[in-house]
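Student: I would like to learn how to read individual features in a structure. Could we go through some, one at a time?

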Amino acid sequence: AAPKEEAKPAEKPAPPPIQPIPPSQVFRAADELREPLGKAEAAAQPDPAVEEVERRLSAPRPAASRLRSSLEPARLQEASAREIVALRQALGREDLALADAQQVLEKRTTLQEGVLEDLHQRQAIWALTAEGARKERAPEAVVRRIAQAEQDLKRAETGLRARQDRLLELQGRVSDLRAEIARSAAAVDQAETALDKQLFEVESAPLWRALWTPDRRGGLAQQLRQALREAVGDIGEFLADPGRLWLHLALVVLLGLALAAIRRPVAALAVEDESLRGAVKVLSRPASAALLLSTLWVDFPSLPPTVRDLFLVAFLVPMLRLLRPLVPDAYRAPLNGLAALFALDRLAGMAPPRTLLARLAVLAVTGAALLGLLRGLRRGGWARLAPGGIWGLATRGAAAAAVALLSASLLSNVVGNATLAQLLTRATLTSATLAVALLGAQTVMASVGAALLRIPAVRRRPLVARHRDLLQRRAAWLLRVGSIALWALGTARVFGVDGSVAAGAAAVLDLRLKVGGLDVSLGDLAAFAVTLAASLGLARLVRFVLDEGVFLEMPLPRGISTAVSRTLQYLLVALGFSWALLASGMEMSRFGFLVGALGVGIGFGLQNVVNNFVSGVILLYERPIQVGDVIGVGSVVGQVTRIGVRSSTLRTGPGAEVIVPNGTLISAEVTNWTLSDRLRRIELPVGVAYGTPPERVIELLLGVVRDRPGVLAFPAPEALFQRLGDSALEFVLRFWTGDFGRWEALASEA
């Protein structure tokens with residue numbers, strides 16, 4: 001095969017040829033130079049943003065010096081997981097600041113390059129003009145004006161060129177610093193990899209020996225002072241950029257005000273509705289609920305380690321205030337104990353790593369947590385009081401797993417593997433606290449949702465009035481699933497197995513099936529299934545909201561709402577199927593094969609299916625039959641309760657549901673009693689004895705239905721003599737009613 005030619009970049013259009021300025025237009029052209037010279041002068045002026053970048057690059061920075069010393073190979077080899085996280089955050093902040101500076105410099109340089117290019121173009125024009133003036137021996141005034149213009153252009157170019165050289169120098173310094181940060185980040189990654197490999201290695205002396213051996217980092221008092229210095233440094237670094245703190249406080253205030261606003265209406269509703277008692281307890285502490293909910297928006301990984309730990313400890317207070325009134329008395333003591341142990345563990349994590357102070361702190365927290373769990377698992381303990389079913393089994397299983405992990409942490413700490421001991425203790429307590437915090441957030445959101453659904457302005461809406469319980473159950477299910485997913489992700493992250501789990505999942509999803517020309521991976525199939533399922537769920541949700549909520553509040557013609565909702569549902573399903581194909585990576589050119597196969601299937605055995613589907617589309621848009629109509633098909637008479645893609649459902653008077661193919665409703669003769677209105681004529685045959693005056697009979701019959709509720713005055717009721725029967729005079733009473741659903745009761749009453 002011939003080698004492919006490399007794609008050439010698109011060439012810029014050639015600039016127009018340079019023409020000299022005629023002597024008669026020199027003065028006017030010189031006057032027109034004021035604008036480009038002004039642009040060049042403005043571009044050469046100092047830019048505050050560039051000056052700020054230059055100042056930051058030139059000023060000595062203690063934080064950068066500390067970071068550089070922490071990145072020395074000897075320090076990296078002994079860095080703990082906490083220090084590695086802090087280093088990665090610091091490098092990320094430095095790189096982000098340098099990226100912003102680089103963008104400022106590039107933007108200013110691009111602006112100056114455009115002005116320089118314009119100056120070069122004008123210099124060339126005026127150079128040709130000067131040469132032409134010399135050849136033509138132009139007047140001296142013209143020559144002087146040309147020389148002045150060339151001098152002005154040269155001076156503007158010189159100043160702008162000097163400024164641009166400075167910008168390019170700054171760009172080079174920024175680029176070198178970013179390259180240094182990239183190398184440092186790679187060194188930090190290597191240190192983290194080495195730390196992971198050493199996780200199951202004994203890196204310290206056994207505890208009984210460490211108690212009597214002097215620590216090279218000093219005594220306990222010196223280690224404590226070092227921990228305090230590092231904590232103060234993290235707090236100072238966070239307070240140097242207080243924007244995130246103020247934003248979080250603003251969010252807490254807004255949430256607190258919103259929860260306080262609905263507290264009193266919900267309390268009034270709870271007097272009659274006992275299901276709102278839990279919501280009242282939650283809303284009675286709006287500040288605590290707002291603080292707990294605001295944790296969902298905190299970007300904890302980006303915070304300095306000490307600040308992150310202090311944030312987490314601070315959020316224990318609102319969590320306890322909210323959950324204590326909601327949990328049984330037997331679980332309040334374990335809840336308080338978990339919060340205290342989590343706080344102690346976070347404070348213990350501030351100690352210098354691999355020091356005696358850190359090991360003793362972790363040992364104390366591990367021992368206390370282990371004792372609490374063992375007390376809970378004994379007969380009559382709090383873990384044994386958990387209700388039956390899957391949640392009780394999960395609670396007892398989690399407690400047993402925590403005992404195993406904490407026992408391993410205790411043993412590791414004693415023999416000298418302090419890193420593994422700290423990881424196991426911290427991850428176990430964090431996972432348990434995360435589960436409780438998510439349970440609290442779920443309780444708050446479920447309570448607020450239940451309260452909102454019962455506020456008079458909301459519950460009057462048709463969607464809420466008809467399906468409030470369903471909406472509440474689905475919302476609770478979504479909150480539960482979301483909480484479990486967040487807990488699983490958080491637990492995997494704190495145990496450090498999230499990368500391994502992601503790699504394993506990627507390996508499984510990358511498994512491929514190759515049969516002939518078919519090449520598909522498990523990931524492609526999963527993407528297809530997930531996208532299609534999400535699209536189908538969205539289509540059903542949209543139709544449900546439109547049919548049960550939006551359209552009930554809009555005065556639409558009969559049948560329009562069903563047509564619109566079904567059309568949107570079909571469009572979303574079609575789009576979802578297309579998105580699923582694209583997500584699976586299937587080439588659309590191969591889709592023609594599926595279309596051909598579908599055509600063959602229709603030709604051989606799917607005629608009825610396609611016929612019923614097309615008939616359903618006709619019913620949807622022509623609207624001869626609508627949901628709620630009373631129709632007769634053959635010997636079946638009933639009310640239409642559903643018009644589906646393939647068939648429709650009729651509910652007969654005795655309560656049976658009859659499935660009728662849509663093709664039958666289109667091709668067969670159908671009687672629709674309620675197509676244009678819900679009027680119904682009632683006929684009652686009456687027989688009277690011979691000798692009765694007919695006029696009197698007619699008068700009595702009309703008097704029976706005249707002014708009766710449910711009987712229409714127009715068309716007017718009528719009573720007619722029909723025939724002479726074998727044993728009676730036969731009359732008929734006819735009258736109309738607009739209440740189609742009660743025509744049989746009206747006939748009986750008459």
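Student: Is E131 buried, partly exposed or exposed, and what does the label rest on?
Tutor: This is a predicted model, and the label comes from a computed relative accessible area. E131 has 33%, so the residue counts as partly exposed. K135 has 66% and therefore counts as exposed.

Student: With which residue does E131 form a salt bridge?
Tutor: The general idea is that side chains of opposite charge can pair when their charged atoms come close. In this case the partner of E131 is K135, with 3.5 Å between the closest N and O atoms. Both residues belong to helix α6, and because they are 4 residues apart, about one helical turn separates them.

Student: How many salt bridges does the structure hold?
Tutor: There are 20 salt bridges. One of them is formed by the side chains of R178 and D95, at 3.0 Å from N to O.

Student: What are the relative accessible areas of R178 and D95?
Tutor: For R178 the value is 26%, which makes the residue partly exposed. For D95 the value is 23%, and D95 is partly exposed too.

Student: Which residue forms a salt bridge with E718?
Tutor: R734 does, and the closest N and O atoms are 3.9 Å apart. The cut-off is 4 Å. The pair links distant parts of the chain: E718 is in strand β9 (residues 718-724) and R734 in strand β10, 16 residues apart. E718 is partly exposed, at 34% relative accessible area.

Student: Where is R734, and what surrounds it?
Tutor: R734 is placed in strand β10, which covers residues 729-737. With neighbours within four places in sequence set aside, R734 contacts R681, I682, E683, P717, E718, L720 and Q722.

Student: What does the charged end of R680 sit over?
Tutor: A charge can also be read against a ring. The charged end of R680 sits over the ring of W673, at 4.1 Å from the ring centre.

Student: How many aromatic pairs are there?
Tutor: Ring pairs are read from the distance between centres and the angle between planes. The count is 3 aromatic pairs. Among them, F528 and F577 are edge-to-face, with 6.0 Å from centre to centre and 80° between the planes. F528 lies in helix α22 (residues 522-550) and F577 in helix α23 (residues 560-584), so this pair links distant parts of the chain, 49 residues apart. F528 is partly exposed at 24% relative accessibility, and F577 is partly exposed at 31%.

Student: Which residues of α16 are buried?
Tutor: Buried means under 20% relative accessible area. In α16 the buried residues are L356, A358, R359, V362, V365, T366, A369, L370, L373, G376 and L377.

Notes. Residues numbered from 1 in each chain as written. Predicted model: local features only at pLDDT ≥ 70, side-chain atom pairs only at ≥ 80, totals over all residues. Heavy atoms only, no water. Helix = DSSP H or I, 4+ residues; strand = E, 2+ residues; numbered from the N terminus. Contact = heavy atoms within 4.5 Å. Phe/Tyr/Trp six-rings, centres within 6.5 Å; stacked < 30°, edge-to-face > 60°. Buried < 20%, exposed > 50% of the residue type's maximum accessible area, 1.4 Å probe, protein only. Lys NZ or Arg CZ within 6 Å of the ring centre and 35° of its normal.
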